[in-house]
Amino acid sequence: MMTKAHTHAHPHTHPVSSWLIRRAVYPLWVSRDHPAYFRYARQFAQEQFLPPEELDKLRMERLRGLLLHAFRNVPFYRRRFEVSGVTPLDIRTVEDLKALPVLTKSEIQTQNTELLARNVPETERVANQTGGSTGSPLQFWVDKERMDSRRASTDRHNAWAGLRPGDWHAHLWGSRFDTGTVTRPTITWRQRLLYRNLTLNTSLISDEDLAEYVVLLRRVRPRVMLAYAQSAVFFARFCERNGIDDIRFDSIVVTAEMLLPGQRSVIERVFGGKVFNRYGCREVSVIASDCPEAAGMHVNGDALVVEVEAAPGLPEGTGRVLITDLFNRSMPFIRYEIGDLATPLETGKCACGRWLPRIANIRGRVTDFLVTADKRRISGISLALLAGDMPQVRQMQFVQENSRSIQLRVVAGNGYGADTVEELRRRLDPYLRGTTELSIVTVDRIAAEPSGKFRYVKTAQEVQDEFAESRSA
Ligand SMILES: [Zn+2]
């Protein structure tokens with residue numbers, strides 16, 4: 001644990017140039033810890049500009065290799081192919097993948113060892129897990145070599161935002177450990193010499209914490225910030241409210257949470273840089289991200305097959321996101337249902353020259369949708385925007401424990417009163433249509449999740465399950 005004194009160390013008094021780190025320190029570390037990194041980095045750098053036919057061909061080659069491997073070596077998939085009445089050879093296009101059922105989180109939890117490849121030795125894989133902010137954590141295995149290619153993918157997508165290894169960047173991020181304890185921002189030698197990230201914890205942020213981040217950012221002056229989307233918005237609003245106009249970034253990469261309409265411009269206005277939206281997860285690393293054109297997030301399409309599949313009961317214009325990791329052999333994820341909804345994929349060439357398919361919008365996690373008593377799903381995004389023009393409402397969150405009632409929690413702003421409550425009810429009525437009981441309560445603050453993520457809508461898993469059952473019945 002670093003002491004308070006270290007917090008106020010001056011990185012500029014120990015200048016280590018980004019160039020030196022990029023050319024010497026990073027390569028040395030990478031070649032020791034990620035021996036296959038450079039091969040993948042070179043490969044991915046080229047593949048991003050492949051024309052569509054070649055990209056398709058490459059993806060199908062990798063997909064076929066993965067399916068054959070899973071069929072031969074993974075008991076779970078062997079059975080899955082047999083039950084579905086297909087073999088890997090029957091799958092000639094991505095469209096043909098639909099012959100296989102999706103892989104659910106609960107299958108990974110209950111059939112964990114059945115998903116392990118018999119021919120990959122234990123020494124070649126590493127355990128990994130998700131934080132479990134939305135329920136029970138997921139344990140899975142990643143090839144050591146896959147960690148190298150994942151880093152190469154991430155570095156490629158960072159480069160689109162102008163962030164190269166060795167560049168200082170701020171990291172407005174959830175706590176690495178879900179302990180709930182507040183850790184002061186510190187700079188370790190490893191960060192100084194290698195990662196060059198200034199970690200600013202978002203799990204519990206008060207105005208005092210944010211003021212401290214401002215002091216630290218003024219000393220280090222990173223050009224790029226990687227941030228949880230809602231934390232970036234929160235921080236931008238804090239700066240705006242306090243007249244802080246000298247925290248500037250060239251790029252702000254936002255991830256882990258949905259960026260709501262209008263929020264991109266708030267961040268860009270306050271920090272003076274460009275926002276790059278990114279979609280990723282622990283299971284497969286970067287899934288899609290904005291290029292400088294910001295014309296939809298490009299899928300990491302040479303390492304993953306991403307499907308957005310329409311299914312009954314989903315809101316209009318959305319599909320469930322299914323991911324196939326083309327490189328991970330020790331525990332293959334084939335048509336993994338990650339639990340997010342998205343708009344359909346856009347193909348066609350982007351102005352940046354890439355053909356990698358694009359996702360216009362992630363529509364949120366399934367749990368970001370409220371369920372009405374008459375079995376409709378309401379998007380949390382549209383509701384979160386309802387009070388955007390009401391200064392009487394500083395923050396709000398919907399909480400749903402059962403399908404008959406919904407609670408709206410409000411942090412009151414100036415002028416909050418009976419009129420405000422009435423206005424909120426009036427605006428919500430077209431959505432709820434009197435079918436679902438609504439209670440509106442004020443609270444002092446709405447905290448982020450232990451993971452540091454903020455949720456506008458929290459719907460209990462049972463409510464979602466009940467909804468799913470009513471649909472399949
Ligand atoms: Zn592009």
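I began with helix α11 (residues 263-271), which lies across β6 (251-255) and β7 and runs at about 130° to β7. A reminder to myself: this is a predicted model.

Next I looked up helix α7 (residues 144-160). I found that α7 lies across β7 (274-281) and β8 (285-289), at about 30° to β8.

Then I traced the sheet these strands belong to. I read an open sheet of 9 strands in the order β4-β3-β5-β6-β7-β8-β9-β14-β13, and its pairing is mixed. Its edge strands are β4 (197-201) and β13 (345-346), each of which pairs on one side only.

I zoomed in on one pair inside that order. Strand β9 (residues 297-299) meets strand β14 (residues 358-359) in the antiparallel sense, over 2 bridges. Which residue of β14 stands opposite His298? I noted Arg358 there.

On to the other sheet. I counted 4 strands in an open sheet, ordered β10-β11-β12-β15, with antiparallel pairing. Why is one side of β10 (304-309) and of β15 (362-365) left without a neighbour in the sheet? Both stand at the edges with a single partner strand each, so one side of each has no neighbour there.

Strand β12 (residues 336-342) pairs with β15 in the antiparallel sense over 3 bridges. For Ala342, I wrote down Ile362 as the bridge partner in β15.

How values were computed
Residues numbered from 1 in each chain as written. Predicted model: local features only at pLDDT ≥ 70, side-chain atom pairs only at ≥ 80, totals over all residues. Pairing = 2+ DSSP bridges. Contact = placed C-beta atoms within 7 Å. Axes fitted to C-alpha atoms, helices over the stretch in contact; angles between N-to-C directions.
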